[in-house]
Amino acid sequence: MYTLYYYPANANAAPHMMLEEIGTAFELSLVDRKTEAQKSAAFLAINPNGRIPALSDGGLVIFEAAAIALYLADKHPGAHLAPAPGTPERARFYQWLIFLTNSLQEELMIWQYPERLTGSDTHAEAVIKAGSETRINTYLDVIEAHLAKDGPYFMGDRVSAADFYLTMLCRWARPMATPPRSYPSISRLLDLMTKRPSVQRAYAAEGIEDGIA
Ligand SMILES: N[C@@H](CCC(=O)N[C@@H](CS)C(=O)NCC(=O)O)C(=O)O
């Protein structure tokens, strides 16, 4: 059985929604950030980066949310959460999922925690945060243009792991001056995703009560 190591609405959310969508058996294991449990020796043995999430599947333990998402999609092909390997659609799917995790997610980390880069330099912190927010909006522009042309989902008419991933990231971006919800095609995708029972079950299980994205 799978165990997903999580903290509410952290980077575990995309794998968690996918586990619900797949309908497979899994259990949740809380890594309590309030007590810095992600930096405990026990959790560092699971993810040496001290970051959430991680997934265990029998003897296999993996970290990185996108890697977990890809693993789950491949292990459960009947759920159709990724196009078949070796196809042009799969290439396009890789493009979007890697863009989400490598560009948008990383930029969101900088935007949320600029002080991790700037220390006590509050002027630098403000500069970094503003520059980061501009870059996030540039990435959202790219996603919006794609979804407007070829949506409503990343892969057209069929939901995929990339849509769960974007839903997770858009929640984090809600406090932005120009948030994801102000983009019509992203908002349409979020409306579709937040209506899914799997998405609602995952966030409810994590104790999220202030809306999903
Ligand atoms: N690239 C990693 C990022 C994971 C990550 O940064 N997780 C955050 C929560 S969303 C975390 O564990 N933060 C705690 C910390 O940095 O100490 C992934 O996608 O799994």
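## Annotated regions

UniProt, in an unreviewed entry, places the feature "domain: GST N-terminal" at residues 1-80. In this predicted model, that span is 31% helix and 22% strand, and the C-alpha atoms at its ends lie 20 Å apart.

Over residues 86-213 the chain is 70% helix and 0% strand. The end C-alpha atoms of this stretch are 32 Å apart.

## The sheet

The model contains an open sheet of 4 strands, arranged in the order S2-S1-S3-S4 with mixed pairing. Strand S2 (26-30) and strand S4 (60-63) stand at the edges; each has a single partner strand, so one side of each is left without a neighbour in the sheet. From one strand to the next, the twist averages 20°.

Strand S3 (residues 54-57) pairs with S4 in the antiparallel sense, over 4 bridges. Within this pairing, Ala54 stands opposite Phe63 in S4, and Ser56 stands opposite Val61 in S4. The hairpin of S3 and S4 has 2 residues between the strands, and Gly58 takes a positive phi near 65° in that hairpin.

## Helices against the sheet

Helix H3 (residues 65-75) lies across strand S1 (2-6), S3 and S4. Relative to S4, helix H3 runs at about 130°.

Helix H1 (residues 13-22) is largely enclosed by the rest of the structure, because 9 of its 10 residues are buried. The buried residues of H1 are Ala13, Ala14, Pro15, His16, Met17, Met18, Leu19, Glu20 and Ile22. The elements that cover them include the strands S1, S2 and S3, together with the helices H3, H7 (161-172) and H9 (197-205). Gly23 follows H1 and has a positive phi, near 80°.

Where does Asn10 lie in the chain? Asn10 is found in the loop between S1 and H1. Is Asn10 buried or exposed? With a relative accessible area of 13%, Asn10 falls under the 20% limit and is therefore buried.

The contacts of Asn10, leaving aside residues up to four places away in sequence, are with Arg33, Ile52, Met168, Trp172 and Glu206. Ile52 is also one of the residues that come nearest to the ligand.

## Surroundings of the ligand

There are 15 residues around the ligand. Of these, Lys39, Ile52, Glu64, Ala65 and Gln105 come nearest.

An N or O atom in the side chain of Gln105 is 2.8 Å from an oxygen atom of the ligand. For Arg51, the separation between a side-chain N or O atom and an oxygen atom of the ligand is 3.2 Å. A polar side-chain atom of Arg116 lies 3.4 Å from an oxygen atom of the ligand.

Note on methods:
Residues are numbered from 1 along each chain as its sequence is written. Side-chain values use heavy atoms; hydrogens and water are left out. Two strands pair if DSSP finds at least two bridges between them. Axes are lines fitted to C-alpha atoms, for helices over the stretch in contact, and angles run from 0 to 180 degrees between N-to-C directions. Contact means heavy atoms within 4.5 Å. Buried means under 20% relative accessible area, exposed over 50%, partly exposed in between (1.4 Å probe, protein chains only). UniProt positions are given in the numbering used here, feature names are shortened, and annotations may be inferred rather than shown by experiment. A residue is near a molecule or strand if one of its heavy atoms lies within 4 Å of it. A polar contact is a pair of N or O atoms within 3.5 Å; within protein, one must be able to donate a hydrogen and the other to accept it, and residues adjacent in sequence count only if both atoms are side-chain atoms.
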